[in-house]
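These are my notebook entries on a structure that I looked up entry by entry. The sequence and the model are shown first.

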Amino acid sequence: MTENIRINNPNVKYTDTHIEAQYFYHTTAVRRDGDTLTVTPSVSELEFRTERHVPRLGVMLVGWGGNNGTTVTAAVLANRLGLTWRTKTGEQKANYYGSLFQSSTVCLGAGPDGKEVNIPFRDLLPMVHPNDIVFDGWDISSMDLGSAMERAEVLDWSLQEKLRPHMSHLRPRASIYIPEFIAANQAGRADNILKGTMAEQVEQIRADIQDFRHSSGVDKVIVLWTANTERFCDLTAGVNDTAKNLLAAIQSGGEVSPSTLFAVASILEGCAYINGSPQNTFVPGAIELAVERNVFIAGDDFKSGQTKIKSVLVDFLISAGIKPTSIVSYNHLGNNDGMNLSAPQQFRSKEISKSNVVDDMVNSNPILYRKGEKPDHCVVIKYVPYVGDSKRAMDEYTSEIMMGGTNTIAMHNTCEDSLLASPIILDLVLLTELCQRVCVRPQGSETFQSFHSVLAILSFMCKAPLVPPGAPLVNAYFRQRACIENIMRACLGLPPQNHMHLEHKLQRGFLPRHDNRIYDNVATKMVLSNGYHASQQNGVCAHVVKEATIG
Amino acid sequence: MTENIRINNPNVKYTDTHIEAQYCYHTTAVRRDGDTLTVTPSVSELEFRTERRVPKLGVMLVGWGGNNGTTVTAAVLANRLGLTWKTKTGEQKANYYGSLFQSSTVCLGPGPDGKEVNIPFRDLLPMVHPNDIVFDGWDISSMDLGSAMERAEVLDWSLQEKLRPHMNYLRPRASIYIPEFIAANQAGRADNVLKGTMAEQVEQIRADIQDFRHSSGVEKVIVLWTANTERFCDLTAGVNDTAKNLLAAIQSGGEVSPSTLFAVASILEGCAYINGSPQNTFVPGAIELAVERNVFIAGDDFKSGQTKIKSVLVDFLISAGIKPTSIVSYNHLGNNDGMNLSAPQQFRSKEISKSNVVDDMVNSNPILYHKGEKPDHCVVIKYVPYVGDSKRAMDEYTSEIMMGGTNTIAMHNTCEDSLLASPIILDLVLLTELCQRVCVRPQGSETFQSFHSVLAILSFMCKAPLVPPGAPLVNAYFRQRACIENIMRACLGLPPQNHMHLEHKLQRGFLPRHDNRIYDNVATKMVLSTGYHASQQNGVCAHVVKEATIG
């Protein structure tokens, strides 16, 4: 089901190459004078211009042979080939479940029957289809992707058998390996590594990107880190505080992590770079370099399982006026990520990434939390080989409810780690690619500008979102999702979702004909039902309220 | 922390009596022609008028002596008196945690420092404070409220001791008892019941409302059913299908449930009536009567515990492109509600109320669910006296993720039943009262109209929301909350929340001075930090991006 959408509005123009939309962006500024808050709404007129032509996209994964890398590559192949395979419960079809763009929907508006029209998220704007992505990448392990898929133990065996001929010929390029940044237990895998000085290795990565671009014929390359979690990098003045110092440090072989080296190589090649792990790849110098070169960067750390639910549940509780006072999260997993995280320094990166996810919600409610007060928050990750990729998350949320009462939610969540992360990898690259085709011109400005290099719209997919200086950090799941949806709607000149349904809430309708017709339809279609409330719920009872008789 | 808000905009006028706001309401109409969806945005100009004066509010509870009735009354008294009491972990203060309006916040917009300004939800518009509510009510049990509070076993003993002198003299009025509608096990409590014909009993309820109004001096009365769940009432043509037939059935003593009798009495007295239990109180004739008399009705069934979380989690999963395939919910509780629900007919009402809560989310995603497909959904409720009011909900959500993978969430939720329901009772009556002071005039119309008698904006607090004919049924928690927030913002002429933060997402700011200042502040305030990512997250690193140097 792919939908073609046409906006019927003089503010939206379709040229051969672009969708051009005039948009009114509403903001409110608040000023406090003593007890009084003065709220000043204002409107900015913006022109959104979205390139319609969807390029041929290449994605290079750092850690291509890992569980995420092999799973996302296999999923795209299986979907492209339309594979089906037998499981003990029947035939299974390839799909993209868990992908925001491929498998979730957005409401466009009301149809002639008054019912909401929901379309795939991906159809709001022209986007690359994941089936058309060409993959390439690096790995410190030389294993071909067919064997690496087997090593990962993620996909059904009967599917692996069908995919192996398509995967075996894919071999990761040699990667950068600096042992001190990842756990010592990874040494055994490191049989495919670059030699030479740091500067030479960066040059090789750049050459790899150029080689991939030319040999595959893709129009655009995006690089994404889905390799091991590194330890945090010290932020040191003179080394990584500015772009210039960082480039100099690479020349002289200073403290620069492999992930930062990949980021620098990508930025220098003009390729967007996304960090799917928790470490601080984006040291100040790397960010400055991206800004200087007008290249997108985004991160950090895929938000796929426990943290994703946490950013839903805590938002729910606090937005309902309930006060979470203790959040305890135990995890165990048995894949290579788990093995790497069993080292203290790497675990520390992960712990930091997971720790701040509730801050924005806690800070938003000064009724429940006085200044500086936070819930207790504890995160434990253990390596348990047997469970493999089938990560277990056990969470306890204790909250204070009215009059000193307690609400305790205990949750056991079996998350297939790589099956949840793979669709998020796709969403990250597809949204990044789309953002590269969108530009905005504020009224009064001569020129169009693109999004800020720090691509905060990707926060939805990240545990510890990187945002431009001064920008609010939002972790709350539904706010993040609304941000993506409303910005994509803006590209079509459509106002933000308001969820108000005012046309159904007043005594008499006020919309033009198309929308009012719904009242008549419903009033004639429904019948008196006996004994069941269910059939009533979608519109009380028909003959009770006729549009004409209320007023 | 009570905030005074002033809107600084020519479209918003404050008169001595009203807030008058001009508002542009955006909708989109969608038409399908073959493969193409044509989307036509339109704007309706509306004038919102909100009465500023907050009346003295009286609330009459049916089932005043039950766990909810005593708990909400006690909570309001304790808050009004500013009570504190000792517990083994320290001193506890009275509060309204769990109330949307009293304990949650909404974002008004950014302040001069660029940080979001969050205010208590209740401060958006003039609302009754719960401390000022005067309670009265009916119960089939004659027990005074002090003793009934003890019977409920909900509040801390040391608090009960402080409250008893304020509760003992409160005695419920005699109520309507028709044994066949509630479980036989309730007969032992029924020592305070009205005699006479059905019509006489309705007259007595009306007289009670009048008596309360006059003796207490309240200006407005709202009636809310928090009594036993009744069995479903048969919908029979000639009996309860029209207002006229329903009134005739009451005169002749036909099949009319006690809750419907209370609804009819309230409507005839011009009092809004809210149904906090699952039964079909609002038979078609009752709805017609409310519409004819321009009285608000709302329901059904408080959404407080398991269902509330379900309306969050399922929305989360489906909106993330994950497909819930099985939802199994076990509950056990030991309060009088549980005892009543142990009878099959009363359980059936509850089961129906709980069963449709995921329908809107499932129907919104035709990628995951083909037409007519639904997840398995099973609800069990057991009566276990020992756990008392401390209801346990055990839920298992099984979902299909990418490539045939499975995600399993098992949840154990200890919900203090009445402590969660009481703040919702307050939210229901406070929002109803506010809606009685809001009216809307669409452009081109001569007259203002009020909300539809079926007050769908209260859906947020209800398990099985009652909506006007043809109106979409929304169960999704965050959509329901956004509806309330955006309608209250509309009363102030403020546009809906868009969560876009566009002013932070482009390369250069475009807002007038007040908002741009944030860039400067941040850029000078932040310092280079070492080893911790956390301090970076709220704004990357300061010296990297200076507003002036980006462009």
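Entry 1. I began with strand S6 (residues 84-87) and strand S7 (residues 90-93) of chain B, which pair in the antiparallel sense over four bridges. I took helices (H or I, at least four residues) and strands (E, at least two) as DSSP runs, numbered from the N terminus, and I took two strands to pair if DSSP finds at least two bridges between them. Two residues lie between S6(B) and S7(B), which form a hairpin. I noted that Thr87(B) has Gly90(B) in S7(B) as its bridge partner. In general, strands of a sheet pair through backbone hydrogen bonds, either parallel or antiparallel.

**Basis of the entries.** I am reading a predicted model, in which local features need pLDDT of at least 70 and side-chain atom pairs count only at pLDDT 80 or more, while totals for chains, interfaces and linings use all residues. Residues are numbered from 1 along each chain as its sequence is written, chains are lettered from A and ligands numbered from 1 in the order in which they are written, and side-chain values use heavy atoms, with hydrogens and water left out.

**Entry 2. Strand S4 of chain A.** I next looked up the partners of S4(A). S3(A) and S4(A) run antiparallel and are joined by 16 bridges; within this pairing, His26(A) stands opposite Val43(A). S3(A) and S4(A) form a hairpin with two residues between them, and Gly34(A) in the turn has a positive phi of about 60 degrees. S4(A) also pairs with strand S19 (residues 438-442) of chain A, in the antiparallel sense and over five bridges. There I found Phe48(A) opposite Val440(A).

Which strand of chain B is joined to S4(A)? Strand S1 (residues 4-7) of chain B runs parallel to strand S4 (residues 36-51) of chain A, and four bridges join them. Thr36(A) has Asn4(B) as its bridge partner, and Thr38(A) stands opposite Arg6(B).

**Entry 3. The interface of the two chains.** I counted contact as heavy atoms within 4.5 Å. On that rule, 183 residues of chain B are in contact with 183 residues of chain A. The area buried between the chains is about 16000 Å², and carbon and sulfur atoms give 63% of it. Buried area is the accessible area (1.4 Å probe) that two parts lose on being put together, summed over both.

I then looked up polar contacts, each a pair of N or O atoms within 3.5 Å; within protein, one must be able to donate a hydrogen and the other to accept it, and residues adjacent in sequence count only if both atoms are side-chain atoms. The rule finds 69 residue pairs in polar contact across the interface, both residues being at pLDDT 80 or more. On the side of chain B that touches chain A, strand S18 (residues 406-416) of chain B gives the most, with eleven residues.

**Entry 4. Salt bridges.** I defined a salt bridge as a side-chain nitrogen of Lys or Arg within 4 Å of a carboxyl oxygen of Asp or Glu. The whole structure holds 41 salt bridges over all chains. How many salt bridges are there between chain B and chain A? The count is two. I recorded one between Arg479(B) and Glu116(A), at 3.0 Å from N to O.

Arg348(A) and Glu351(A) also meet in a salt bridge, at 2.8 Å from N to O. These residues are separated by about one helical turn because they are three residues apart in helix H11 (residues 344-355) of chain A.

**Entry 5. An aromatic pair.** Rings of Phe, Tyr and Trp (its six-membered ring) pair if their centres lie within 6.5 Å; planes under 30 degrees apart count as stacked, over 60 as edge-to-face and the rest as tilted. I found 19 aromatic pairs over all chains. One of them, Tyr25(A) with Phe510(B), is edge-to-face, with 5.9 Å centre to centre and 70 degrees between the planes. Tyr25(A) lies in strand S3 (residues 18-33) of chain A and Phe510(B) in the loop between helix H14 (477-490) and helix H15 (513-525) of chain B, so the pair joins two chains.

**Entry 6. Backbone exceptions.** Most residues other than glycine have a negative phi, and most peptide bonds are trans. Met403(A) is not a glycine, yet has a positive phi of about 55 degrees. A cis peptide bond joins Gly299(A) and Asp300(A), with omega about -5 degrees.
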